[in-house]
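The sequence and the model come first, and the notes come after.

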Amino acid sequence: LFSYYTVAAKPLIERLGGVTVMTYAVLLGSLPVVAISLPAGLAVRWSEVSLAVWAGTFYAVVISAFLGWLVWGWVNAVRGVGPTAPLMYLMPPVAGLVAWALTGERYTAVKIVGAAITLGGVALAQFTSAPRDPVREAPAPVD
């Protein structure tokens, strides 16, 4: 679904702008999430939620999600989906480094080798498929 959204949103972002597309995407995507989580939300004692939880929620919703998706859509509209799609594979290594730095996450050799093979495959697919150049492929002029 993420890949489909990335491809389908590009022409909409070019035509309507990132903020408009994100507004509708968030509005439509929020409806089922709110419906599913409504019973749990009604059971929360909102006066007991700490300031740290509110700050984390604000960061997750506004900074991480909304602004992150806005930038992602803009980059795809400007650079194209093909060149930017491999950037999705940077999320796991960055998350791994953050988990290691902040929570003491430990990585075994199997995890590291698996990550290297995966990222190597992405790099191989991205950098070895050169775009076709019709000018260089045209037959030489005959004298």
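The model is predicted. Helix H1 covers residues 2-16 and helix H3 covers residues 51-79, while helix H2 covers residues 18-43.

**Helix H2**
- H2 has 26 residues, which at 1.5 Å a residue should span 38 Å.
- The end C-alpha atoms of H2 are 35 Å apart, which agrees with that span.
- H2 bends by about 55° at Ser37.
- A proline, Pro39, follows the bend within four residues.

**H1 against H3**
- H1 and H3 pack with their axes 9 Å apart, at an angle of about 70°.
- Angles of 65 to 115 degrees count as roughly perpendicular, and H1 and H3 are therefore roughly perpendicular to each other.
- On the H1 side, the contact is made by Phe2, Tyr5, Thr6, Lys10, Ile13 and Glu14.
- On the H3 side, Trp69, Trp72, Gly73, Asn76 and Ala77 take part.
- Six residues of this contact of H1 with H3 are nonpolar, three are polar and two are charged.

**H2 against H3**
- The axes of H2 and H3 are 10 Å apart, and the two helices pack at an angle of about 130°.
- H2 and H3 are therefore oblique to each other.
- The crossing of H2 and H3 is right-handed.
- From H2, the residues Gly18, Val19, Met22 and Val26 meet Phe66, Trp69 and Leu70 of H3.
- The contact of H2 with H3 has six nonpolar residues, one polar residue and no charged residue.

**A residue in both contacts**
- Trp69 of H3 is part of the contact with H1 and also meets residues of H2.

Terms used:
Residues numbered from 1 in each chain as written. Predicted model: local features only at pLDDT ≥ 70, side-chain atom pairs only at ≥ 80, totals over all residues. Heavy atoms only, no water. Expected span 1.5 Å × (residues − 1). Bend = angle between axes of the 7 residues up to and from the residue. Axes fitted to C-alpha atoms, helices over the stretch in contact; angles between N-to-C directions. Parallel < 35°, antiparallel > 145°, perpendicular 65-115°, else oblique. Contact = heavy atoms within 4.5 Å. Nonpolar A, V, L, I, M, F, W, Y, C, P; charged D, E, K, R; others polar. Left-handed = near helix turned anticlockwise from the far one by under 90°.
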